[in-house]
Amino acid sequence: MTRGTATVTNHAGRVGRREFLKGSAAAGAAAAAGGVAGSVVQTSAQAPAVPARWDKVVDVVVVGTGHAGLAAAITATDAGAKVVILEKMKKEFEGGNSKISGNMWWTPTNLPEAIQYIEALSFGLTDKECVKALAEEMMQLNGWLEKLGIKRAPLGIFQPEHPELPGSACVRTWSNGGSSDGRLYIPLREQVAQRKIEVMYEAPARELVQTPTREVAGVRADVGGKPYVIKARKGVVLCCGGFEFDFEMQKQFLPGWPIYCQGTPGNTGDGIRMAQEVGAALWHMNNPLAGLGGIVVPEFDPVVIPINLSGAYIRVDKAGKRFMAETRPSRHGFGVKEFVLHFDGVTGEFPRLPCYAVFDETVRTRGPLTSMRKFGWFGWYSGYEWSADNSKEIEKGWIVRGENVADLASKLGMKPADLQATVSGYYENCKKKVDPDFGRATNSLVALEKPPFYAVKLFPIMYNTQGGPRRNGKCQVVKPNGQPIPRLYSAGELGSFWGWMYNGGGNNAECLCTGQIAARNLVAMKPLA
Ligand SMILES: Cc1cc2nc3c(=O)[nH]c(=O)nc-3n(C[C@H](O)[C@H](O)[C@H](O)COP(=O)(O)OP(=O)(O)OC[C@H]3O[C@@H](n4cnc5c(N)ncnc54)[C@H](O)[C@@H]3O)c2cc1C
């Protein structure tokens, strides 16, 4: 990707110089900051101001080029609407989290079990009307993809991810030939191209335009760095993702922070702020989907690099103590919520944020600690070549090396005796082939024996947030009183239906379903004069 310097908001909420994200996040930072000179900012006390002239007039404005945006744009276009898609990033980074995701999805085998399972996953946090709408649309999803010529094959993983929950037997997971390389995104994007749907890049939406009667009538954006106003005769579908890269919002809403994301730095909560400004209720804001660990290094901060470990390693807190069975399946976030986001009210800190993976020479020499396949932002765009034996990353200080456990502990700022006791205790468990402390799987109990020893500083590694403006079963964005905000719809992970637990493949499926639902309902409306 393009390298250079750019100004982005870092995890501390400060504005700093970052090499990695030139051009990719600059537009995002501008949109997140809001308030371009000369713009009309509406508050609830002011009557909405409609622009005297529009730069463009269409039927439907779609904000965001992820799966949700593409599904909405295709559906609206096929129903005869004139559509424009706004994307804040450069063309090379289009597609948000969707393109760089595992590109897998799930569908149910039958409606009653689908409703049962989705309801159980949502744990009472998603309205029944929404559960039903999502389940019904998911039943039709593969048929829609077939019509678009998108192939699928059974994937088998996460089938189901929560077998203990009622209805889970209905889950079938799919991919179009693999869980990387944009295999779902790219053919869907091709469908947008075939329909000649206009996509405007480096065009962050900043604000919704409302009529004096508070119908959403368009979008104020920045195009080429200048204000640009688009009229949407039928309405607007916000598909602009979550708030993964807004570290201030993380502090207000997530149960622990910072959590770093392996998705697009373009997702900075813009859609949440735009919807709030026109009175939207929020939901599911406390729900990050995150795996158990990646590293953040100066060159690529704030994008996280996933770390894969097996064999002779343990995970310890800042004091050098183990705190969980390292092999426990993450279940798309529950491992993190249960163990890593623990706050210690006595010491007044998150003792496991960050935590550390400690491993021995056998792990270091087995191969690279990360995979450079096209999955996640780092694999797609960093252009980095990780060394086969991790030696380059040790030299860079990304991996800390100690001649012995005590030496390593000193370098990590831990008491040597504490880390030594942890490694020795774990060694005893390995010899007995049982982990009475945390119940780590017997076949994974491999002692750390071969010096030197190493450590990486791990943060939870987020796929995406699920929170955002609340929507109803028609994908209309609603106010705190449940009333829809006229002509404002949302789709995808911006205010997702997935409120609590989650089955892998559910987000992409929801994006494709809610994009269609939103567009169908919007296109059926009478246009504004
Ligand atoms: C590494 C990774 C792997 C994953 N694997 C899977 C998987 O296999 N299956 C699954 O179901 N889910 C997976 N997920 C989650 C899933 O990818 C996302 O939930 C889904 O892609 C969200 O799609 P979306 O269309 O809602 O948003 P996105 O695809 O994130 O698109 C949002 C777009 O909006 C743009 N945008 C933001 N603000 C503005 C603005 N102001 N103006 C204009 N544009 C704006 C962004 O730049 C972005 O392009 C994964 C996520 C990650 C990060």
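This is a predicted model: local features need pLDDT of at least 70, side-chain atom pairs count only at pLDDT 80 or more; totals for chains, interfaces and linings use all residues.

Reply: What keeps C355 from bonding? Its closest cysteine sulfur belongs to C261, and the gap is 17 Å, too far for a bond. A disulfide needs two cysteine sulfur atoms within 2.5 Å. C355 is also buried, because its relative accessible area is 1%, and buried means under 20%.

Now take C430. The closest cysteine sulfur to its own is that of C355, 18 Å away. That is again too far for a bond. C430 has 5% relative accessibility, so this residue counts as buried too.

Next come the aromatic rings. How many aromatic pairs are there? The count comes to 23. One of them joins F243 and F253: the ring centres are 6.2 Å apart, and the planes meet at 70 degrees. Why is this pair called edge-to-face? Centres within 6.5 Å make a pair, and planes over 60 degrees apart make it edge-to-face.

Are the two partners buried or exposed? F243 is buried, at 0% relative accessibility. F253 has 32%, so it counts as partly exposed. That label covers values between the buried limit of 20% and the exposed limit of 50%.

A second pair is F343 with F350. The ring centres are 4.9 Å apart and the planes are at 75 degrees, so this pair is edge-to-face. F343 is partly exposed, with a relative accessible area of 44%. F350 is buried, with 11%.

Rings can also join into a group. Which residues form a cluster here? Ring pairs link F300, F378, Y384, W386 and W398.

Y384 has a further neighbour. K392 lies over the face of the Y384 ring, 4.5 Å from the ring centre. So Y384 takes part in the ring cluster and also has a lysine over its face, where the cut-off for a charge over a ring is 6 Å from the centre.

An arginine does likewise elsewhere. The charged end of R471 sits over the ring of F497, at 4.9 Å from its centre.

Terms used. Residues are numbered from 1 along each chain as its sequence is written. Side-chain values use heavy atoms; hydrogens and water are left out. Buried means under 20% relative accessible area, exposed over 50%, partly exposed in between (1.4 Å probe, protein chains only). Rings of Phe, Tyr and Trp (its six-membered ring) pair if their centres lie within 6.5 Å; planes under 30 degrees apart count as stacked, over 60 as edge-to-face and the rest as tilted. A charge sits over a ring if NZ of Lys or CZ of Arg is within 6 Å of the ring centre and within 35 degrees of the ring normal.
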